[in-house]
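Please open the model in your viewer, colour it by chain and keep the selection tool at hand. The tour below moves from one selection to the next.

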Amino acid sequence: MLKFRSRFLQPAILCLATLASLSLVSCTQDRDSSTPTYRIPYIDENGQNTFRDITLTTLGSAFEMNGRAAIIYFNPSNNGQTFTGAIAQPHLGKSGSLFRPIDPQSGTVIATYAFFEKMFFYEKKVLLAGDSQISWPRIVGVYSSVDKMSPNDENNAAYIPMPQGLTEIMPFTDNGRDALAFNHGVLGHEHFHAHFDMSVQSKLASIKSMSEVDIASSRGCPATANAYELKLLTIWNEGLADAYGAMVSEQPTFMTVSFGPEAARPIAIDPLPFQSAATLKKCRAIFPTLTKEKLQAMPKDQLNELVTSIDPHLNGAQLARAMFAVANHDEFPALGADAATLNKWQRSARYLIHRLKDFKTALEKKTDWENMQPDYALCFFFKDLNLSAETKAIVNKAFSSDYPDGVAQCGSL
Amino acid sequence: MRKSLVALLFLLVAPLAYATPEMTIGTGLDARIGRDVNPDYYSSQAFGQLYGEYAIHPWSFLMELEFGQTNGNNGNYSVKNSTYTTMAWARYEPWYGQLRISPFAGAGLGWQFHDTESKFGSARDEGWSDGGGIAAISGGAMATFFKHWNVESELRLAKFQMQSDVTFAFLLRTGYTF
């Protein structure tokens with residue numbers, strides 16, 4: 001028998017023991033992870049940084065960010081249709097029943113999932129049945145590197161409408177501020193774009209006939225009527241998204257913690273006047289002959305006016321400020337039998353999403369987009385509200401110079 | 001059943017009676033290549049190692065203690081993680097005594113712990129966490145020069161309880177044998 005021991009039997013026993021150990025370790029990976037609790041970075045209700053223990057109930061596994069609320073990818077490829085590759089798998093340690101991310105990438109993807117799970121339940125509770133047209137899980141890409149993208153894309157987030165509705169959170173390079181993945185206001189802003197896309201923009205027949213030239217033109221000077229239509233939709237979309245971000249995060253200064261006061265668009269202040277239709281189209285007269293030299297020689301005031309006139313975020317911010325004022329004064333109509341159980345921000349979010357379908361219906365009837373006024377959205381959302389004099393005065397400040405009487409002139413729009 | 005277990009134990013222990021035990025202590029470097037948070041990609045991490053080995057050739061038994069540290073951030077969220085790994089190995093040299101450099105195969109079990117310090121702006125969280133069990137197999141070669149200088153090189157395949165995929169590792173070890 002001792003002969004038999006010689007070279008192979010003992011290693012074979014070693015192999016069997018190893019296989020048993022590997023099986024044991026593999027099979028017990030998901031222990032206690034059906035509703036995992038993670039300690040993640042969190043911006044609390046007062047805008048303060050903290051760590052919070054969050055239990056996620058929609059995940060299939062604690063070790064993969066794939067659940068009913070979202071599918072999170074980390075530094076994914078994009079094939080033009082959707083993200084490709086494997087779903088993010090965070091690296092974790094476990095303290096009792098609590099999972100701790102052991103690197104910032106893991107903490108970031110978990111925090112991103114946590115936001116979308118929060119929205120999954122928030123919108124089930126807050127939005128009226130049938131108002132939301134978006135599907136779950138949301139598809140989200142979190143980036144930490146700028147490979148294959150321009151450095152200009154850093155410190156930003158984006159919603160890509162077609163065909164699946166993707167949310168991208170770009171690399172964040174400001175080591176002194178809160179990254180966008182932790183900023184529920186910014187993520188709420190991007191999430192709103194999905195609502196606007198599914199309830200309004202993608203449903204408009206006129207959008208489907210737009211050319212690449214129209215789309216490209218709408219990003220700068222709206223040279224065509226189609227581009228002007230897209231420009232207006234983008235302005236309204238961005239403004240309402242800012243308002244929704246503030247409502248769901250309940251933090252009107254949500255942008256400041258990530259972008260700093262110099263770059264953030266403050267919402268909790270009185271609006272400035274919208275650019276008039278004429279101002280929005282003013283660039284058409286300048287751009288065809290505009291050269292780099294002319295641009296450099298342009299007086300600073302004139303240059304600022306030009307940039308402001310075509311920036312959808314700056315124009316949209318005025319709509320957001322008007323929205324915020326009405327929400328903050330709790331003057332949106334309380335929709336639904338359970339409205340009393342919601343706070344003013346939740347009631348406002350409910351109203352905003354509820355009105356999107358009607359907004360689409362109203363826009364569908366518009367045939368002469370070239371003569372559409374940017375103030376139209378202000379009229380649509382505010383003219384039928386029973387606003388206090390104080391709130392009405394704030395809202396009226398958002399109207400362009402063509403509508404000095406504000407809401408009172410909405411009958412003509 | 002009991003007879004089988006006794007026979008098994010005998011098979012494992014019998015060769016030890018024919019050999020002179022050796023002790024080795026030393027240090028090593030462990031380069032691990034594991035799945036990134038995006039599992040389509042791999043990332044590497046280096047660990048320093050202290051080890052003690054008790055050899056009754058062709059068998060040797062190894063105890064390891066490893067330490068590695070990572071630092072990273074996303075905005076003002078930063079994580080400094082210190083990983084401690086301890087593993088016990090049994091290894092077998094099928095051609096012991098026949099070759100100057102002796103190949104071996106081994107199997108090991110271990111456990112991993114993390115000491116994680118996270119900061120998010122002014123907020124801070126620090127604590128130990130359990131990194132879970134490890135089961136691994138390895139293959140490599142060892143040699144002893146000038147009677148006392150032990151050198152080993154090894155490739156490993158490890159399954160960590162907290163990760164879904166296997167981790168590859170390459171190790172270099174050197175120590176004093178007495």
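Begin by selecting β1(B) and β2(B), which a hairpin of six residues joins. Before going further, note that this is a predicted model, in which local features need pLDDT of at least 70 and side-chain atom pairs count only at pLDDT 80 or more, while totals for chains, interfaces and linings use all residues. Residues are numbered from 1 along each chain as its sequence is written, and chains are lettered from A and ligands numbered from 1 in the order in which they are written.

Strand β1 covers residues 22-35 of chain B and strand β2 covers residues 42-56 of chain B, and the two run antiparallel, joined by 14 bridges. Here helices (H or I, at least four residues) and strands (E, at least two) are DSSP runs, numbered from the N terminus, and two strands pair if DSSP finds at least two bridges between them. Which residue of β2(B) is the bridge partner of Gly26(B)? Select Tyr51(B), and you have that partner.

Select Ile56(B), and opposite it, in β3(B), stands Trp59(B). In a regular strand the side chains alternate between the two faces of the sheet.

Now show the whole of chain B, where there are one helix and eight strands, following the pattern α-β-β-β-β-β-β-β-β along the sequence. Of its 178 residues, 35% count as buried, a residue being buried if 20 or more other C-beta atoms, placed from the backbone, lie within 10 Å of its own.

Turn to chain A and select helix α3 (residues 184-199), whose 16 residues should span 22 Å at 1.5 Å a residue, in agreement with the 22 Å between its end C-alpha atoms; the expected span is 1.5 Å times one less than the number of residues. Because 15 of the 16 residues of α3(A) are buried, this helix is largely enclosed by the rest of the structure.

Finally, colour domain 1 (32-182) and domain 2 (208-413) of chain A separately; these bounds come from an automatic or database domain assignment. The contact between them takes 13 residues from domain 1 of chain A and 15 residues from domain 2 of chain A, where contact means C-beta atoms, placed from the backbone, within 7 Å. On the domain 1 side, helix α2 (residues 104-126) of chain A gives the largest share, three residues.

Terms used: A residue is buried if 20 or more other C-beta atoms lie within 10 Å of its own, exposed if 12 or fewer, and partly exposed in between; C-beta atoms are placed from the backbone. Two residues are in contact if their C-beta atoms, placed from the backbone, lie within 7 Å.
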